[in-house]
Amino acid sequence: MKKTLLSLPLAISALTTFPALAEPTDLGAGFALSGNAAIVSDYRFRGYSQTDFRPAAQVGFDLTHSSGFYLGNWNSNVSNFVFTDGNLEMDFYGGWKGDIGNGWGLDVGALHYYYPGSSSPKGGNYNNTDLYVGVSYGNYSLKYSYTPSDFFSTPDSKGTWYLDGTANFDLGDGWGLVGHLGYQKLKNQVNMNGDSLGHYVDYKVGVTKDVKGWVFGLAAVGASKDNWLPTKYGHPSGRLGAVFSVARTF
């Protein structure tokens with residue numbers, strides 16, 4: 001069981017829906033700085049709980065340039081049952097995002113995950129780097145992420161990839177609707193029963209309400225194969241569950 005737990009993927013939370021960005025702070029020379037913060041009842045990533053079904057506090061910062069280039073950092077507490085001796089996730093990312101014509105948007109970049117104080121099976125802290133490319137059109141977006149090295153310090157797991165489709169709709173009067181479907185391709189993974197697991201699908205359907213810049217959310221989240229990774233007490237961390245959130249940009 002412990003070897004299976006060590007392969008758990010963590011990343012920037014796709015399950016917190018933020019409001020439209022607050023007016024960024026103008027730093028001059030085309031640069032701007034903005035931030036975001038959230039509290040969630042359960043930090044889920046790609047369908048699986050990262051906090052043993054417990055709350056998480058999350059904060060991030062983004063430095064953007066008028067040319068479309070950006071750098072950012074995002075942080076969240078996680079369960080040390082997943083990452084031995086570690087309880088913090090720190091994400092660092094950078095890339096380019098912009099309009100490529102006819103209503104289409106493009107986003108390309110790299111995302112590095114780092115877990116200070118953790119102890120990975122390969123030695124040192126857990127870490128991982130994903131390369132990604134995403135396209136968007138209107139309310140819809142599609143993103144492909146590829147891990148060229150071992151997946152979150154799990155031996156012999158090179159070549160893992162993930163496809164993420166998301167749709168967001170403005171329902172008016174501060175209400176929003178979000179839907180997500182993802183496909184995770186795995187290498188050399190087994191579920192809680194020791195059976196080989198090569199892929200799974202995760203999903204999310206939720207609503208949000210913007211109240212004077214504070215966005216409250218409620219979503220149903222889960223995975224098609226929920227027993228890949230257990231929690232501390234043996235419950236499948238990908239089981240269908242409700243996630244509550246409150247978020248704000250600044």
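Which side chains meet in a salt bridge at 4.0 Å, N to O? Lys-209 and Asp-173 do. The model is predicted, so some care with confidence comes later in this report.

## Salt bridges

A search of the whole structure finds four salt bridges. Three of them are set out here, including the pair just named.

| Pair | N to O distance |
|---|---|
| Asp-42 and Arg-44 | 2.9 Å |
| Lys-122 and Asp-150 | 2.8 Å |
| Lys-209 and Asp-173 | 4.0 Å |

Lys-209 and Asp-173 form one of these bridges. Lys-209 belongs to strand β13, residues 199-211, and Asp-173 to the loop between β11 and β12 (175-185), so the bridge ties together parts 36 residues apart in sequence. Asp-173 counts as exposed because its relative accessibility is 66%.

The side chains of Lys-122 and Asp-150 also meet in a salt bridge. Here both partners sit in loops: Lys-122 between β8 and β9, Asp-150 between β10 and β11. The pair therefore ties together parts that are 28 residues apart in sequence. Asp-150 has a relative accessible area of 12%, so this residue is buried.

Asp-42 and Arg-44 meet as well. Both residues are buried.

Side chains of opposite charge can pair when their charged atoms come close.

## Aromatic pairs

How many aromatic pairs does the count give? The total comes to 15. Take Phe-83 and Tyr-126: their ring centres are 4.2 Å apart and the planes stand at 85°, so the pair is edge-to-face. The pair links distant parts of the chain, 43 residues apart. Phe-83 lies in the loop between β6 (69-77) and β7 (88-101), while Tyr-126 lies in strand β9, residues 126-137. Are these two residues buried or exposed? Both Phe-83 and Tyr-126 are buried.

Tyr-144 and Trp-161 give another geometry. Their centres are 5.7 Å apart and their planes meet at 40°, so this pair is tilted. Tyr-144 sits in strand β10 (residues 140-146) and Trp-161 in strand β11 (residues 161-172), so the pair ties together parts 17 residues apart in sequence. Tyr-144 has 32% relative accessibility and counts as partly exposed. Trp-161 is partly exposed too, with a relative accessible area of 27%.

Phe-83 and Tyr-126 also belong to an aromatic cluster.

## Charges over rings

Where does the charged end of Arg-46 sit? It sits over the ring of Tyr-162, 4.0 Å from the ring centre. Arg-239 has its charged end over the ring of Phe-53, 4.3 Å from the centre.

Strand β8 covers residues 104-115, and twelve bridges join β8 to β9. These two strands run antiparallel. Across this pairing, Trp-104 stands opposite Tyr-137 in β9.

Seven bridges join β9 to β10, again antiparallel. Val-135 stands opposite Leu-142 in β10. The two strands form a hairpin with two residues between them. Gly-138, in the turn, has a positive phi of about 60°.

Ser-34 is found in strand β2, residues 31-40. At 8% relative accessibility, Ser-34 counts as buried. What does Ser-34 touch, not counting residues up to four places away in sequence? The contacts are Pro-24, Gly-60, Phe-61, Asp-62 and Phe-250.

Leu-171 has its place in strand β11. With 53% relative accessibility, Leu-171 counts as exposed. Leaving aside neighbours within four places in sequence, Leu-171 is in contact with Gly-176 and Leu-177. Leu-171 and Ala-29 are 142 residues apart in sequence, and their C-alpha atoms are 37 Å apart in space.

## Confidence

The protein averages a pLDDT of 90. Of the residues, 91% score at least 70. Residues 1-21 stay under 50. For that segment the model has 94 contacts beyond four places in sequence. Where pLDDT is low, the predicted coordinates should not be read in detail.

Conventions: Residues are numbered from 1 along each chain as its sequence is written. This is a predicted model: local features need pLDDT of at least 70, side-chain atom pairs count only at pLDDT 80 or more; totals for chains, interfaces and linings use all residues. Side-chain values use heavy atoms; hydrogens and water are left out. Rings of Phe, Tyr and Trp (its six-membered ring) pair if their centres lie within 6.5 Å; planes under 30 degrees apart count as stacked, over 60 as edge-to-face and the rest as tilted. Helices (H or I, at least four residues) and strands (E, at least two) are DSSP runs, numbered from the N terminus. Buried means under 20% relative accessible area, exposed over 50%, partly exposed in between (1.4 Å probe, protein chains only). A charge sits over a ring if NZ of Lys or CZ of Arg is within 6 Å of the ring centre and within 35 degrees of the ring normal. Two strands pair if DSSP finds at least two bridges between them. pLDDT is the predictor's confidence in each residue, from 0 to 100. Contact means heavy atoms within 4.5 Å.
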